[in-house]
Structure formats: structure tokens, C-alpha cells
Amino acid sequence: MKTMKKILFVNACVRPQSRTNVLAKYLLDKLDGQTEELDLGKEDIEPLNLERLEKRDLYISNKDFSDDMFRYAKQFVGADIVVIAAPYWDLSFPAVVKSYIEAVSVQGLTFHYTEEGIPEGLGNVKKVIYVTTAGGPIGEFNLGFDYVKAVCSGLYGIGDIVCHKAEMLDIVGADVEGILKNTMQEIDQVYGV
Ligand SMILES: Cc1cc2nc3c(=O)[nH]c(=O)nc-3n(C[C@H](O)[C@H](O)[C@H](O)COP(=O)(O)O)c2cc1C
């Protein structure tokens, strides 16, 4: 029996009228599977401070992942496809994405180190699709996506990581609808009309 693919939609779009969210929803409609949305705006993920780090390290060394702090890592490794939608902020993404990655990067759940000290992925995730929009040009270094790609590939061992983006949306006189439509057409070419 064919099981339904699990799609995790990590939504880091802050504004209610977010163009990034429009593109992500357009793409999600084309994917085959069951989507679970994680709206980072509603999660209030705290970055690690000394207290939380020490607590976490103790759990990790005991291989006890029952605490609620591990829910994001467990949810992540259980997905087949992860779609991350994040606007281009300050040359990367909203800070909550970094807090989320910190919560997901758990040794023993998302990755472990081999005897040679090389990180190796442990999860199910086969593909990560990153969606972003920018007010100006993103340029050669797409620092938001490049960072997510480095973590997902280097730490979590995911092989297929792609980005769909729309740029120059806030330039005076920009044809916002036209730019978004172009990105939608690119999405159509990859995932079908
Ligand atoms: C806090 C903040 C930081 C931003 N930083 C950049 C930036 O570094 N480069 C850029 O091109 N646009 C920047 N922008 C513009 C956004 O990338 C652009 O408006 C984007 O389309 C917003 O996505 P959204 O419509 O999904 O909210 C920034 C916007 C905000 C609110």
C-alpha cells in the first residue's frame, strides 16, 4: 500500500498580506501529500540560553527525548518534504527561523556524529523547498537560503534542497503581480500546472 507523503510547512511569514506566503501556498497546492503547518509566529520558540542549553545537553546525553523541547526536531524528522517560507529580511530571514533551526538541530534526533566526527542525518526528510521574496535584489549570495541549505545538507544529510524566490518587489513602480506570476510559472514548470 502506498502511504501518503508527509509535508511539513514551516511558515515564517510575519505579515498577514505576505507575498512569500502566497507563493508558498501556491506551491503547496501542487505537492502530493498531507500538509501540516507550523506557524512560527504562533510558537514563541526561545533561543537557547545557559539554563535551556544545560537542560537540553543532559537530556541528549541520556538519550531522553521525551521533553516538549524536542517536539520541533521530532516533527521535522517525521516529514518527507519540508517547505520553508521566509521573507528576505536583513539579507537572510526573520530571527525566528534561526531559533527554529536551533530547536531542530538535536544530536541523536536530526543528526549524529560518526566515529570520524562527521555529522550524519537521521531523519526521513528527502526534500526541502525554501520559498522567499525580497524587496530588492537578492544577488549572488542568497544568505537566507544558502544558510538553510548548508544546515539541511551538511548537518541533516538532506540531498535535495531547492529555492523558489521573487525579488525586487519593493522597488518603486515594480510590477508586483507580474513578478509573482513569473515565480508561479517557474513553480509550474517544476511541479506541473
Ligand atoms: C524587517 C525587514 C527587513 C528587510 N530586509 C530586506 C533586505 O535585507 N533586502 C531586501 O531586498 N528586502 C528586505 N526587506 C523587504 C522584504 O524582503 C520584502 O518586502 C518581502 O517581499 C517581504 O515578504 P512578505 O511579503 O512575505 O512579508 C525587508 C523587510 C523587512 C520588514
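This is a predicted model: local features need pLDDT of at least 70, side-chain atom pairs count only at pLDDT 80 or more; totals for chains, interfaces and linings use all residues.
## Basis of the model

Local features require pLDDT of at least 70 and side-chain atom pairs pLDDT 80 or more, while totals for chains, interfaces and linings use all residues. Residues are numbered from 1 along each chain as its sequence is written, and side-chain values use heavy atoms, leaving out hydrogens and water.

## The ligand and its shell

Around the ligand there are 15 residues, of which R15, S18, T20, Y88 and D170 come nearest; a residue is near if one of its heavy atoms lies within 4 Å. The shell comprises six nonpolar, five polar and four charged residues. Here Ala, Val, Leu, Ile, Met, Phe, Trp, Tyr, Cys and Pro count as nonpolar, Asp, Glu, Lys and Arg as charged, and the others, Gly among them, as polar.

An oxygen atom of the ligand lies 2.8 Å from a polar backbone atom of G136. A backbone N or O atom of G135 is 3.2 Å from a ligand oxygen atom.

## Aromatic pairs

The whole structure holds seven aromatic pairs (ring centres of Phe, Tyr or Trp, its six-membered ring, within 6.5 Å; planes under 30 degrees apart are stacked, over 60 edge-to-face, the rest tilted). The rings of Y59 and F70 have centres 6.0 Å apart and planes at 80°, so this pair is edge-to-face. Y59 is partly exposed at 22% relative accessibility, whereas F70 is buried at 0% (buried is under 20%, exposed over 50%, partly exposed in between, with a 1.4 Å probe and protein chains only).

F76 and Y156 also form an edge-to-face pair, 5.3 Å centre to centre with 65° between the planes. F76 is buried at 3%, and Y156 is buried at 6%.

Methods
A polar contact is a pair of N or O atoms within 3.5 Å; within protein, one must be able to donate a hydrogen and the other to accept it, and residues adjacent in sequence count only if both atoms are side-chain atoms.
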